[in-house]
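Thank you all for coming.

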Amino acid sequence: MAETVKILSGGLSTELENSGFLLQGDPLWSARLLQTNPQAIKNVHTSFLKSGAEVLSTATYQASVKGFQEHLGLSIDEVAELFHVGVRLAKEAAAEIKDNRNILIAGSIGPYGAFLSDGSEYTGNYLRNMSVEELKDWHRLQMQCLASAGIELFALETIPGQKEAEALLELLREFPNTNAWLSYSCRDMSSTSYGDAFEKAVGIAHKSKQLVAVGMNCCPPTFVSSLLTSANKNRGLDIGWIVYPNSGKIWDHNLGWQGGGTEKTLSEYALEWVNLGAKWIGGCCTTTPSAIATLLQTLRPHAADLH
């Protein structure tokens, strides 16, 4: 039933860019604002919540211990504090919403490719030269920072390949009190960005009892139904799908976001995704608060006006 679907927020970074912040080309992307303008991040969180979102992701997708040390010159304690700031901003925004929603805060963990800041989260090329243990060592530091800030749910997102997903699920066992969702980036209607068959890549979810959902994000919405349909054939999972694609625009590493994308895109597809088993639905890059509001009204047409 659509009433049981959790509504995620949308494109935090692209909303910040819409507010005038120049983030493209910054190796820290929106994570830099955790130091320079945290209020701007909180404002975007609030905007998505007012549009009906029930799940916020922290502004830590492109945050890393090494990245903060290299680009901001921070000590390890100062790095940990910036991760804590990211969690506090989301929690504060949620606390200021005065209704009966059970708002969840997910600590965003992006792929190693996000640190590289070269678009490789959409290719996974680095996976050829990294072992599972090396990937675990990389991600452990970020997950430790978020867990120490009180995060109870990780968003393991935009993961380009199964190898990195396996590393993250192994690492998740080191945080037994924390659940997670696992979300792949996908290059077409059947494959992850690295080229793994999506239906097989999501099959590793059975290895973790801490996963609340598995699926895809940061891909065109036109990919989603085919990906879910193929995976449903051999699903054998007792958790729901998570789906939060981009608005329909296409990312070009040299030119930025290109092409179409309409406010209607998510809502047009949403009921189809629910019928395919989606339990968590939202938007990724270029998805605005108004698109989330439309999504809410599509899934719950009798929901109270939240504006």
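Let me start with the sheet, in which eight strands are arranged in the order S1-S10-S7-S6-S5-S4-S3-S2, with parallel pairing, and which is an open sheet. At its edges stand strand S1, residues 6-7, and strand S2, residues 55-57, and because each has a single partner strand, one side of each is left without a neighbour in the sheet. Please keep in mind that what we are looking at is a predicted model.

If we stay with S2 for a moment, we see that S2 and strand S3, which covers residues 104-109, run parallel and are joined by three bridges. Within that pairing, Val55 has Leu104 in S3 as its bridge partner.

Now to the charged side chains. How many salt bridges does a search of the whole structure find? There are twelve salt bridges, and I will go through some of them.

The pair I would take up to begin with is Glu81 and Arg88, which form a salt bridge in which the closest N and O atoms are 2.6 Å apart. Glu81 is partly exposed, at a relative accessible area of 35%, and Arg88 likewise counts as partly exposed, at 38%.

Next come Glu174 and Arg140, whose side chains meet in a salt bridge at 2.8 Å from N to O. Since Glu174 sits in the loop between helix H8 (162-172) and strand S5 (179-184), while Arg140 belongs to helix H7 (residues 132-148), the pair ties together parts that are 34 residues apart in sequence. Are the two partners buried or exposed? Glu174 is partly exposed, with a relative accessible area of 41%, whereas Arg140, at 18%, counts as buried, because the cut-off for buried is under 20%.

Finally, I would point you to Lys42, Glu92 and Glu96, which are linked in a network of salt bridges. I am happy to go back to any of these on the screen.

Note on methods. Residues are numbered from 1 along each chain as its sequence is written. This is a predicted model: local features need pLDDT of at least 70, side-chain atom pairs count only at pLDDT 80 or more; totals for chains, interfaces and linings use all residues. Side-chain values use heavy atoms; hydrogens and water are left out. A salt bridge is a side-chain nitrogen of Lys or Arg within 4 Å of a carboxyl oxygen of Asp or Glu. Buried means under 20% relative accessible area, exposed over 50%, partly exposed in between (1.4 Å probe, protein chains only). Helices (H or I, at least four residues) and strands (E, at least two) are DSSP runs, numbered from the N terminus. Two strands pair if DSSP finds at least two bridges between them.
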